[in-house]
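My entries follow in the order in which I looked things up.

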Amino acid sequence: MLQPGTLWKRTQEQTQFALECGALQSIPTEYQFIEQDGILFFVRIVSNLARKEKAKQQQNQKSETSGKPFNPFLPYEKDLFVADLSPTHLCLLNKYNVVDHHLLIVTREFEHQENLLTLQDFEALWMGLAEIDGFVFYNAGADAGASQRHKHLQLVQLPLVPNGVKVPIEPAINSAQFLGAIGNCPQLPFIHALIRLDPLLVRSPQDAAATTLEYYYNLLAKVGIHGENGMVGKQSAAYNLMITREWMLLIPRVQESFEGILVNSLGCCGAMLVKTEEQLQHLKEITPFTVLRNVCIPK
């Protein structure tokens, strides 16, 4: 299992190796900013999605041939392996990464991406956050931007933005209004629920997992999402969950994209992605919050 204090070093070493052997196929991007209502949206323009789209076509072909959905995590690609996090989870590099050192926290056995998170999921994600000051997110279901059915969380290093801002919607988070433990950000024009975290939680991933699992249940309840049996099993609706060392944010979702612009957890936090310059211009015209109001639930 992972030795404490080694995850970042392992990530850097495996990234270098995977780039050299061709297992890691980073997607180059350019970026621009779009300012709206006090939020500086960070928009990446993907210059070449051809390799990822070709891989997706190959996955679909394998699924049609076998009659079963293709699962890239069973077995996983060994050249992308970073670490064994726990008896239930391992850590891989994201093969087609847009963000440097993009990690996947994957269940060893198949669990569905539409299942609610468990204590084991939170223990694994806190093992990552304890060693990397990062942004963990879970795209819960296809309508929330999930591209694979096998349960996986994702971890990227902070800050997300080159100008040093940790997360683009940070101004909204900082101005949140709280009624009890759960807060609401007036700047965000869609339904969401926020809880602030004690930064000292990272000292004990096990204690942090137990604490934040209860917070997670509270956030789900606040927005009206539940499982098949209380807070267990398949979710009743899609959502994005985002966690840093300082806060947890949950956003219900109703669709994956709006007018061709795909949105996952990063997009909901203001780090958006477009495929072409034309799509960038369209995003500027309709505005980022218009996209988010349509893929989330408007207030």
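Which residue in strand 7 is the bridge partner of Phe 135? I found that Phe 135 has Val 156 as its bridge partner in strand 7.

**Basis.** I am working with a predicted model, in which local features need pLDDT of at least 70 and side-chain atom pairs count only at pLDDT 80 or more, while totals for chains, interfaces and linings use all residues. Residues are numbered from 1 along each chain as its sequence is written, and side-chain values use heavy atoms, with hydrogens and water left out. Helices (H or I, at least four residues) and strands (E, at least two) are DSSP runs, numbered from the N terminus.

**Strand 7.** I noted that strand 6 and strand 7 pair in the antiparallel sense over 4 bridges, where two strands count as paired if DSSP finds at least two bridges between them. Strand 5 (residues 103-107) is also paired with strand 7 in the antiparallel sense, over 4 bridges, and there Leu 104 stands opposite Gln 154. Of the 6 residues of strand 7 (residues 152-157), 5 are buried, so this strand is largely enclosed by the rest of the structure; buried means under 20% relative accessible area, exposed means over 50%, and partly exposed lies in between (1.4 Å probe, protein chains only).

**Ile 132.** I looked next at Ile 132, which is found in the loop between helix 3 and strand 6 (134-140) and is buried, with a relative accessible area of 5%. Leaving aside residues up to four places away in sequence, Ile 132 touches Leu 7, Trp 8, Thr 11, Leu 103, Leu 155, Gln 157 and Arg 245, contact meaning heavy atoms within 4.5 Å. From Ile 132 to Phe 258 I read 126 residues in sequence and 33 Å in space, C-alpha to C-alpha.

**Helix 3 against helix 5.** I found helix 3 (residues 119-131) packed with helix 5 (residues 205-223) at an angle of about 125°, with their axes 8 Å apart. The axes are lines fitted to C-alpha atoms, for helices over the stretch in contact, and angles run from 0 to 180 degrees between N-to-C directions. Helix 3 and helix 5 are therefore oblique to each other; angles under 35 degrees count as roughly parallel, over 145 as roughly antiparallel, 65 to 115 as roughly perpendicular and the rest as oblique. Helix 3 contributes Leu 119, Phe 122, Glu 123, Trp 126, Met 127 and Ala 130 to the contact, and among the residues from helix 5 are Pro 205, Leu 213 and Tyr 216.

I recorded an open sheet of 3 strands in the order 1-2-15, with mixed pairing. Its edge strands are strand 1 (29-36) and strand 15 (271-274), each of which pairs on one side only, and the twist averages 30° from one strand to the next. Strand 1 is joined to strand 2 (residues 39-46) over 8 bridges in the antiparallel sense; Thr 29 has Val 46 as its bridge partner in strand 2, and Gln 32 has Val 43.

I also noted two helices at this sheet. Helix 7 (residues 277-286) packs on the sheet and touches strand 1, strand 2 and strand 15, its direction making about 10° with that of strand 1. Helix 8 (residues 288-295) lies across strand 1, strand 2 and strand 15 and runs at about 85° to strand 2. Helix 8 is mostly covered, with 6 of its 8 residues buried, including Phe 289, Leu 292 and Val 295.

Most residues other than glycine have a negative phi, and most peptide bonds are trans. Asp 37, not a glycine, has a positive phi of about 50°; Asp 37 lies in the loop between strand 1 and strand 2 and is exposed, with a relative accessible area of 53%. His 101 has a positive phi near 55°, sits in the loop between strand 4 (89-93) and strand 5, and counts as partly exposed at 24% relative accessibility.

I found a cis peptide bond from Leu 74 to Pro 75, with omega near -5°, and Pro 75 is placed in the loop between helix 2 (50-66) and strand 3 (81-84). The peptide bond from Leu 158 to Pro 159 is cis as well, with omega near 0°, and Pro 159 is in the loop between strand 7 and helix 4 (170-174).
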